[in-house]
Each structure stands twice: as C-alpha cells, then as structure tokens.
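Hi,

Here is the structure I promised to hand over. My notes on what turned up follow below it.

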Amino acid sequence: MKILAIESSCDETAAAVVEGRTVLSNIVATQIAEHKIYGGVVPEIASRRHCEAISTVVNDAVATAGLTLNDIDAIAVTHAPGLIGALLVGVNYAKGLAMSLNKPLIPVHHLRSHIAANYISHKELEPPFLCLLVSGGNSLIVKVNSYTDFEIIGRTRDDAAGECFDKSARSMGLEYPGGVNLDKIATEPDFEKYPMPWPKVDSSELDFSFSGLKTAVINLTHNAEQKGTPIDVPVLSATVRRRVCDILIANTLKAAEMTGMKKIVIAGGVSANSELRQRMTEECEIKGFRLYYPEKKYCGDNAAMVGAQAIYEYQNGNIADSMLNAAATLNIDYLK
Ligand code: KG4
C-alpha cells in the first residue's frame, strides 16, 4: 500500500511516499531560517509558509517516488497535536486530495509518528516496547503495547526536555533551534562552576519536571550578564545537557525496571542528542536491554514517519472523513 503522508504541525512542511517501512520519497521544506530571526517559531508565519510550500512539497514527494497521484492508495496527515494554524494547512490539503482522488484519509497523531520513525530505521522492531518520547513540546515515557495502543507511564509536569534545551540555549545567546546548537557546542560539564538542580516530582518516580532547571540556567545567565561576568558557553551547555540526560535516563531505566520491558526506544527531536544516544547505549548494554533510536534524518519533523505509522492506523480502522479537524492538543492514547 503506497501512502502519501503530509506533516505540517510546526515549522517544517513535509510530504513523503511510504510503502510499509520503505520510504520512496521524503521531502522537507524547513522554515528555520525565517524563525531564527525571532529566536523561536512564530505561529502566524509558520501557517503562511505552509500555505505557500505545501503544493510544491507534495508534488515533489510524488514525483521523487517515481509515481503519479493515481498510484497513491491512501493519504495520511498529521492532525494533532501542534500549532493549530499550521496543522490546519496540512489537514485541509490532505482532505481535498483524499476527496478528489477518492482515497482513504488517515489521521495520524504526531507523537505516534515520532515513535514510528524507528520502524523505518529498524525494520525488525515490533511492539511491545518502552519508549522515551522527547521533543520540543512533549516528554513522555510510554508503554507501546501495540502499534495503536499506548499507555503513558511518565510525563513532564511542566516543560518538555526540548523546551529546556531551547530556552537554556537562547539565554546563552545560541541561535534557534537551540537544542541542536547547544548539543554541537557542548564540551565537558562542570557542576561546581554551574550548579544545576535535579528536580524530582512528588508522588511519581517516572514523571519529569524541567521548568526549574530551565529557570536555573536563565537566572544564571541573567545574573552573569548583570555582573558583567562572562559565561563559558561550551561548559554551561555541557552541564545543562548532562543534567537533562541524567533525568531522562534515570526515569527511563526506572520505568524499564518497573515494567520488566527489555526493549527501549527513544523518539522525538531530542532523540538526536549525542549524549542521550551515547549514554543510553552504554546503560542499555550494561543492563542487557535492546536500544533503538531513529536515524538522525528521521528524528525531527518529517512525513516519512507519518506514513510509517499510518499503515497501522489504517489497519486499526482509524480512517477519517471530510469532517476531520486539527487539534492543538491530544493525548497519544486518544484512540486504541
Ligand atoms: O520532535 P521535534 O522536531 O518537534 C516537535 O515535535 O516538538 O523536536 C524539536 C526539539 C527542539 O526542542 C530541538 O531543540 C530539539 O528537539 N533537538 C535537540 C537536538 N536536536 C533537536 N535537542 C538536543 N540535542 C539535539 N541534538
């Protein structure tokens, strides 16, 4: 089944053609250069750029796959969660296409597709497994019981790990997207020079809290600025990165211990983080767990991962009609 998938939840307009776990084409038009000027994504601009790019990106994806629209068996689209104006562009484009071609329309939850990025990179991977899902807007530990059955067992109580990286980076003067640049510049951590809290959440061993850590970094950089003390950006970056990874890894390993699950998957934009990948690899080797993470090109927002999840949604009967709407927020376990 050849699925044309569309993704427009944030600042990438993306389309891909996927057949099972094989990617026939994967086109991404990124808006990063424009949002960089403002230090973060401006939702209004994102929606407008999606409107401008979507036809070209979709046509490009179909042509690159060596196909025409008539060869496509179904249209998949990210319908939630994300920036509402941005999502609506993709959803309405997909609806129009599905109706005009008389093909099934498959709504795909953005976070489910981040997990599915791993199916592209690891053809043998099958649920059940435990997933650390870390992106710009979400940080979750999810039990993936089947391709369409998700159970949240840990979540952030406030900010996502990506948000903590991005805002820490911005306060150090690094360009958007901060998490990527912080990871690139980081050297060796120094907790004596830059003490960092390890926020714990009362009543849950698996939940995260990142707002205190983010605030600590922002306060530190503001105080240094006021006093005229220079910040060692590579060292502070490494210190923040170390602490974020400490928190993510400790909770994930705890979750594996509690659930008895031996397959661990990491997904979402932050799964590209070099320290997270390296330390998780080492920890999982010691503990005898099998670790999976996506190839870097599938970590950030893309439509190939939407197509990879769509086949399972379709098989589970998750097919939409012309009433499909976008939603800014929606839990990953909204439908089983
Ligand atoms: O999954 P994603 O592309 O978008 C959402 O669905 O949210 O995640 C974007 C997030 C941003 O916060 C970005 O800074 C972060 O992923 N990110 C990283 C790295 N690459 C992307 N954070 C830390 N280290 C990286 N190498």
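To start with a question: in which helix does C164 lie? C164 is in helix α5, where helices (H or I, at least four residues) and strands (E, at least two) are DSSP runs, numbered from the N terminus.

Before the rest, two notes on how to read this. It is a predicted model, so to speak of local features a pLDDT of at least 70 is needed, side-chain atom pairs count only at pLDDT 80 or more, and totals for chains, interfaces and linings use all residues. Numbering runs from 1 along each chain as its sequence is written, and side-chain values use heavy atoms, with hydrogens and water left out.

Back to C164: it counts as buried because its relative accessibility is 0% (buried is under 20% relative accessible area, exposed over 50%, partly exposed in between, with a 1.4 Å probe and protein chains only). Leaving aside residues up to four places away in sequence, C164 touches F210, L213, K214 and V244, a contact being heavy atoms within 4.5 Å.

F210 leads on to the cores. With V244, L248 and L276, F210 is among the residues with the most contacts inside the largest nonpolar core, which has 40 residues. Such a core is a set of buried Ala, Val, Leu, Ile, Met, Phe, Trp, Tyr and Cys residues joined through side-chain atoms within 4.5 Å. The elements giving two or more residues to this core include α5 (161-171), α7 (211-227) and α8 (233-259), and α8 gives the most, with 12 residues. There is also a second, separate core of 38 residues, which includes A14, A74, C131 and Y292.

N302 sits in the loop between β10 (290-292) and α10 (304-315) and counts as buried because its relative accessibility is 0%. The N302 side chain reaches the backbone oxygen of Y298 at 3.3 Å, and a polar atom of that side chain lies 3.1 Å from the backbone nitrogen of A304.

Best wishes

Terms used
A polar contact is a pair of N or O atoms within 3.5 Å; within protein, one must be able to donate a hydrogen and the other to accept it, and residues adjacent in sequence count only if both atoms are side-chain atoms.
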